[in-house]
Structures are given as structure tokens and as C-alpha cells.
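These are my notebook entries on a structure that I looked through. I kept each entry brief.

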Amino acid sequence: MTQSAVESTADVIVVGAGPAGATTAYYLAQAGLDVLLLEKTEFPREKVCGDGLTPRATKQLIDMGIDVSVENGWLHNKGLRIIGGGVRLELDWPELAEFPSYGLVRKRADFDEMLARQAVKAGARLVEQCNVTGPVLDDRTGRITGVTAKLGEDKREVSYSAPLVVAADGNSTRLSLAMGLHRIESRPMGVAYRTYFTSPRSEDQYLESWLELWDTRGGEKKLLPGYGWIFPMGDGTSNVGLGILNSSPAFGDLNWREVLKSWCASMPEEWGYTPENMTDPIRGAALPMAFNRKPHYTRGLLLVGDAGGMVNPFNGEGIAYAMESGKIAAGVIVQALARITDTGREKALANYPQVLKETYGGYYTLGRAFVKLIGNDKVMRAAAERGLTHPLLMKFTLKLLANLTDPQGGDAMDRVINGLTKIAPRA
């Protein structure tokens, strides 16, 4: 193929400056590697998200040296309020050694830029308005040796060169597709739709999850596998949205924007979730779950975050796993590039999927089983109506769904959850 002039070379190219890419670039740069972080848009930019962060994501931000104080514009939350089956239950985040006991809220436009700038502070080179169009491959080995891109407003065709490339380009991950890595159709997939409303509920101390989203077609009410959320933003607005799993027969049939509008219309009028108070259009995004794209390493390419299907199938959380997988990938790359033979380097890189499997494999297997179960309307209904009346069971459920346990020691609930994830197949 005709190759454009090489714009720049680096030790590692990271494609995508969302949470996964920015975290990967941060840890690589901290280790002294020359990192190019390529972002197709320009900051600040919008991303579809609930904007709510659990303690798991909060820990990652603290590890990166981000100031998560209220004074720095973060809204702290104490836990999760669950509503369903006529029950309203407030569950505080657990007190753990491994994770802080509070979550955070921040708009993604601001959040993503903050992480990217933190990577730049560590030494990464951020290139905005750089739309990566494909891999550059070695004709002999088929390894990726860089990427082609369209740069700037004039879309100038350029290429970048590096011995290793990280795909952090989200669910669409055109780079992975160009390398022959397609989605595993049997793995769960979700969608999220959200908007913002001016609302007096903007300062709530709890994230709120509603377990009653209904398919009312045909005159029969069927409970959908997913939840609606109300997250306070602390700026006079609420982020209101829904997340739905593809295990429902209705997944491909319903207009989810209309489902969200209908759900909002059922809310108390004083909350302000009405069309005239909507500050942003309804936007949607896919949620790739439970390792739905593999292998996570092949021929010089590593997948992190949504590109590798890292979203938690239990609760739709993606940011924590995007950041964690970025940190793991960076650690593997640093070790690999320190090897003195090609064989040694490949052996280190080939361990990346295994590390991910050991870290998340059993938990995601449990999550896939959970997704299948709640795809059944009767199971979902029983869980919503009966489970919420047992606070101790719901405390256990919160720990399981949010993946918040202490790996060493912990209480009896932690030991049960950790035990289940260890014996579950790591696929």
C-alpha cells in the first residue's frame, strides 16, 4: 500500500484518549516511555455516560494523583438508592481496605479531559483531531507497526510509527476490526440512553437506580432487564438515563428514547424531568460487556476498556474497568519493552490476556449467567419484588454487582463473592 510520511515515532501509540487510553498513556509515560496518545476529536468533548463513579473508579483516580475533592469540583456520593417493587432502599458503599467508601460524579467532557491532561503531565504526547484510519502492518510478519490517520481540520493523511499499539478506541474500535478482531456475538451487550434535566434533585447524596422499566406493548407489562438511573450532578441538573441488556426479546424492537421519555413522564412533576427542563438531547451508546472481543493481545496490538469488552455485565459500569485494564496493559508493556530478545518480549505481551482472565474472568462468567437469568421477565420481576425486602441480601447484592470486596480477609460476604469468582470458569 502507499504509505504517507511518518509524522512521528514513539515507543507506544495509544489510540483513543478516553479513560482507558488516558490511563494507559499515564502509566506508560510515568515509566519513562515515549507515548503518543491520539484522540480523534478535540477536548472538551461529549460522551454518553451516567457520569456516576463507584468507589472502584474512585480508587483509580486517586492512584493517578487526581484531586477528587469537593473543592476541585467533584460531587461525592454515599451509596446507591434502589427503588423497585414498592420498596425504596438506601445502601451505603461498603467500608473496605481496598476501596474508598464514597463514589463521585463528574461530567464526561470535563472528566475525560482531566485524565488526558494528567497523562500529558506525566510525559505523554497528546494529539487531538487525529482520526486513526487503520493499522500499518509489517508485510512479512503481519504485526502492527503503527497507524495511519487524518490529522487536523484539513484531514491531512499521516502515519505514526511504534512497535506496540494500544486500541482504546471504544466499542466501535475500528483498529481492532481492521486487525481481524470481531465481537463475540454470544457475549452480552447493553445500551445506555441518557439526558440532563434542570432539577432540584441536583445535590442528592445517593446515586439512584430504578429496577422497573416496562415493555407495555400488546397490553401486557413485561419487566425489562436493566435499570433506570437518576444521578445528581451538583450543578443544578440531574443525569437521567437507562441501561438495558440484550438478553431481553424486546432489545432490538423498542425505541429506547421513547422508553426513557415515558419513564421520565411517570416521575413526580416537582422533580422537573419534563421536556421543557431538558438541557441536552437524548443520546445513546453501546455497552460492550464481559470480554466480548478477544484476544486482548495479538501481533503488537493490545485492547483496553470498551475496545476489549470490559464493561461489567452486572451493572453496566465501564470507567473503572477501562482505567484498570489500562493500568494492567501499561504494566505488561513496560515489562515487555525491557526484555532483550524478541522472544522474551512476545512472551511478556502474550501474558496480558492471561492477567485479564485471572483478574476478571471468573467474575465476568458469573455476570454472563446473571444477564441470562434476568433476561427472563419472571426472574427479573421476582428479584425486584422480593429481593429488595431483604436489606442484608441487598447489601450482598450491592457488593457483588459493584464488584466491591476486599481480596484478602474481608467479611463473610467478601469471602463468598471472592470464592465464587475463583471457582467460576475464566473464559
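**Entry 1. Conventions.** I worked on a predicted model, in which local features need pLDDT of at least 70, side-chain atom pairs count only at pLDDT 80 or more, and totals for chains, interfaces and linings use all residues. I numbered residues from 1 along each chain as its sequence is written, and side-chain values use heavy atoms, with hydrogens and water left out.

Entry 2. I looked up an open sheet of 4 strands, and its order is 1-12-11-10 with mixed pairing. I took helices (H or I, at least four residues) and strands (E, at least two) as DSSP runs numbered from the N terminus. I counted two strands as paired if DSSP finds at least two bridges between them. Strand 1 (6-9) and strand 10 are the edge strands, each pairing on one side only. From one strand to the next, the twist averages 30 degrees; for such angles, axes are lines fitted to C-alpha atoms, for helices over the stretch in contact, and the angles run from 0 to 180 degrees between N-to-C directions.

I then asked how many bridges join strand 10 and strand 11. Strand 10 (residues 130-137) pairs with strand 11 over 7 bridges in the antiparallel sense. Val 136 stands opposite Gly 146 of strand 11. The hairpin of these two strands has 6 residues between them, and Gly 142 there takes a positive phi near 75 degrees.

On its pairing with strand 12 (residues 156-161), I noted that strand 11 is again antiparallel, over 6 bridges. Val 158 in strand 12 is the bridge partner of Ala 149. The hairpin of strand 11 and strand 12 has 4 residues between the strands, and Gly 152 takes a positive phi near 75 degrees.

Is strand 11 enclosed or open? I found that 6 of the 8 residues of strand 11 (residues 144-151) are buried, so the strand is largely enclosed by the rest of the structure. Buried here means under 20% relative accessible area, exposed over 50%, and partly exposed in between (1.4 Å probe, protein chains only).

Entry 3. I looked up an open sheet of 6 strands, which has mixed pairing and the order 9-3-2-13-22-21. Its edge strands are strand 9 (125-127) and strand 21 (297-298), each of which pairs on one side only. Strand 21 runs antiparallel to strand 22 (residues 301-303), and 2 bridges join them. Leu 302 in strand 22 is the bridge partner of Tyr 297.

**Entry 4. Nonpolar cores.** I defined a nonpolar core as a set of buried Ala, Val, Leu, Ile, Met, Phe, Trp, Tyr and Cys residues joined through side-chain atoms within 4.5 Å. Which of the 91 residues in the largest core touch the most other members? They are Val 14, Leu 61, Trp 74, Ile 333 and Tyr 352. Helix 6 (residues 319-337) gives the most to this core, with 11 residues. For Ile 333, leaving aside neighbours within four places in sequence, I listed contacts (heavy atoms within 4.5 Å) including Val 12, Leu 28, Leu 164, Leu 302 and Leu 349. I also noted a second, separate core of 23 residues, which includes Ile 13, Leu 36, Val 158 and Leu 301.

**Entry 5. Arg 45.** I located Arg 45 in the loop between strand 3 (35-38) and strand 4 (52-53). Arg 45 counts as buried, at 8% relative accessibility. What does its side chain meet in polar contact? The partners are the side chains of Glu 39 (3.3 Å) and Asp 112 (2.6 Å). I took a polar contact as a pair of N or O atoms within 3.5 Å; within protein, one must be able to donate a hydrogen and the other to accept it, and residues adjacent in sequence count only if both atoms are side-chain atoms. Not counting residues up to four places away in sequence, Arg 45 also touches residues including Ala 17, Gly 18, Arg 108 and Ala 109.

**Entry 6. Pro 55.** I found Pro 55 in helix 2 (residues 55-63), buried with a relative accessible area of 1%. Beyond four places in sequence, Pro 55 touches Trp 93, Phe 99, Pro 100, Tyr 102, Gly 103 and Leu 404. Its C-alpha atom is separated by 9.8 Å from that of Leu 96, 41 residues apart along the chain.

**Entry 7. Cysteines.** I searched the whole structure for disulfides (cysteine sulfur atoms paired within 2.5 Å) and found 0. The closest cysteine sulfur to that of Cys 264 is in Cys 49, at 17 Å, which is too far for a bond. Cys 264 is buried at 6% relative accessible area, and Cys 130 counts as buried at 1% relative accessibility.
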